[in-house]
Amino acid sequence: MHASQGPAQTLAQKLIARASGRSHVAPGEIVSSKVDLAMFHDSSGPRRLKPMLEELGAQIWDKDRIVLVMDHYVPEQDDDSRKIVRIARDWAAEQKLPHVYDSIGICHVVLPQKGH
């Protein structure tokens, strides 16, 4: 029989604990961790991220670790969706992001399909 290494952990807890250099984490804790990859999409991405970065005076820490997938508002159906997608495309070009996938699939599927 193996000795217990602490409380039982979900897969998410194990991954977060490893990324934060800890043996375990608990729900509700706030931890700092190393991010190996950050994915965002046209809906949650540049239109929300850009103002936050500007307010903080921050920049993307490593463009190679960012993936932008445009899948929520494409094809554009109305003026609002056209504006959201334009913001995402312009910001990706401005930031020179190397991993941008525009209208080629669902974000959670595109990541493994493209090797991320």
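Lysine 96 sits in the loop between H3 and strand S3 (100–102). Helices (H or I, at least four residues) and strands (E, at least two) are DSSP runs, numbered from the N terminus. This is a predicted model, where local features need pLDDT of at least 70, side-chain atom pairs count only at pLDDT 80 or more, and totals for chains, interfaces and linings use all residues. Residues are numbered from 1 along each chain as its sequence is written, and side-chain values use heavy atoms, with hydrogens and water left out.

Phi of lysine 96 is near 55 degrees, a positive value in a residue other than glycine. Lysine 96 is exposed, with a relative accessible area of 67%. The classes are buried under 20%, exposed over 50% and partly exposed in between (1.4 Å probe, protein chains only).

Serine 103 also has a positive phi, about 65 degrees, and is not a glycine. Its loop runs between S3 and helix H4 (107–113). Serine 103 is partly exposed, at 43% relative accessible area.

A cis peptide bond joins valine 74 to proline 75, with omega about -5 degrees.

Now the helix pair. The axes of H2 (residues 46–56) and H3 (residues 79–95) come within 9 Å and cross at roughly 50 degrees. Axes are lines fitted to C-alpha atoms, for helices over the stretch in contact, and angles run from 0 to 180 degrees between N-to-C directions. H2 and H3 are therefore oblique to each other: angles under 35 degrees count as roughly parallel, over 145 as roughly antiparallel, 65 to 115 as roughly perpendicular and the rest as oblique. Contact residues (heavy atoms within 4.5 Å) include Leu49 and Leu53 of H2 and Ile87 and Trp91 of H3.
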